[in-house]
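Work through the exercises below with the sequence and the 3D structure open. Try each task before reading its solution.

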Amino acid sequence: ETLLSETLKEILKNKKIKNFAAVFMGKLAGKEISYHSDLDMIFVIDDEEYEDSAVLTKAVQEAVQLLKRSYEIDLRLRPDGKNAPLVSSFQSFSKYLKIKGENWERLIYSKARVYSFYPELKKKLKDVIDDFVYQYPENFKKNIIEMRKKIVDNFPAENFKKHMGGIMDIEFIAEYTKTVRKIKGSNYLNLIRKMQKVEKRDFWKE
């Protein structure tokens with residue numbers, strides 16, 4: 001986080017741009033970076049001003065190249081995928097989650113952490129993400145179980161992370177429970193501690 005913020009500050013120095021944020025996802029969001037973890041993030045700017053978006057996009061590209069010496073940065077989780085602009089406006093980001101956001105994205109965003117120098121934008125983004133994550137449809141549980149089965153089918157049994165009984169099962173259960181119980185937090189260890197305080201019941205039953 002320090003490397004990212006200092007890199008962006010240096011690149012954007014003397015440039016008139018403000019009100020932007022990075023939405024951290026995955027291991028970066030939970031402060032759980034391990035060996036060979038990449039950094040999943042989305043960049044959002046508060047308004048639709050084209051010039052500001054262009055400046056921030058160029059800064060993000062420069063930052064990615066500089067930080068490649070230490071970390072691989074993955075921006076593919078942004079709204080509309082890898083072919084979308086590197087920087088989303090708050091309006092387009094919010095609209096995407098409300099209209100196009102899918103159930104698998106609810107699990108991903110359940111861990112999201114907003115990083116910004118601008119408190120107002122940070123709060124707006126957190127509110128939009130919370131609305132998306134915690135207002136799930138009736139078929140949510142069924143979709144999540146089907147999604148997990150598809151992942152299992154695509155990996156060999158010796159894959160201790162993604163096959164049945166692997167690390168990913170812990171992540172799916174934690175993220176699903178967090179969503180349906182409206183438990184806040186991005187770090188898995190802290191999340192499990194919070195889950196222990198919730199009434200003891202089968203989390204997979206509604």
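This is a predicted model: local features need pLDDT of at least 70, side-chain atom pairs count only at pLDDT 80 or more; totals for chains, interfaces and linings use all residues.

**Exercise 1.** Describe how helix 8 and helix 9 pack, and list the residues that make the contact.

*Solution.* 
1. The axes of the two helices are 11 Å apart, and the packing angle between helix 8 and helix 9 is about 55°.
2. That angle makes helix 8 oblique to helix 9.
3. The crossing of helix 8 past helix 9 is left-handed.
4. Helix 8 contributes E171, A174, E175, T177 and K178, while helix 9 contributes Y188, L191 and M195.
5. Sorted by class, the contact holds four nonpolar, one polar and three charged residues.

**Exercise 2.** Locate S186, decide whether S186 is buried or exposed, and name its contacts beyond its neighbours within four places in sequence.

*Solution.* 
1. S186 sits in the loop between helix 8 (167-180) and helix 9 (188-197).
2. The relative accessible area of S186 is 15%. Buried means under 20%, so S186 is buried.
3. Neighbours within four places in sequence aside, S186 touches A29, G30, E32, K111, A112 and R113.
4. With K111, the side chain of S186 reaches the backbone oxygen at 2.9 Å.

Definitions and conventions:
Residues are numbered from 1 along each chain as its sequence is written. Side-chain values use heavy atoms; hydrogens and water are left out. Buried means under 20% relative accessible area, exposed over 50%, partly exposed in between (1.4 Å probe, protein chains only). A polar contact is a pair of N or O atoms within 3.5 Å; within protein, one must be able to donate a hydrogen and the other to accept it, and residues adjacent in sequence count only if both atoms are side-chain atoms. Contact means heavy atoms within 4.5 Å. Axes are lines fitted to C-alpha atoms, for helices over the stretch in contact, and angles run from 0 to 180 degrees between N-to-C directions. Angles under 35 degrees count as roughly parallel, over 145 as roughly antiparallel, 65 to 115 as roughly perpendicular and the rest as oblique. A crossing is left-handed if the near helix is turned anticlockwise from the far one by less than a right angle, and right-handed if clockwise. Ala, Val, Leu, Ile, Met, Phe, Trp, Tyr, Cys and Pro count as nonpolar, Asp, Glu, Lys and Arg as charged, and the others, Gly among them, as polar.
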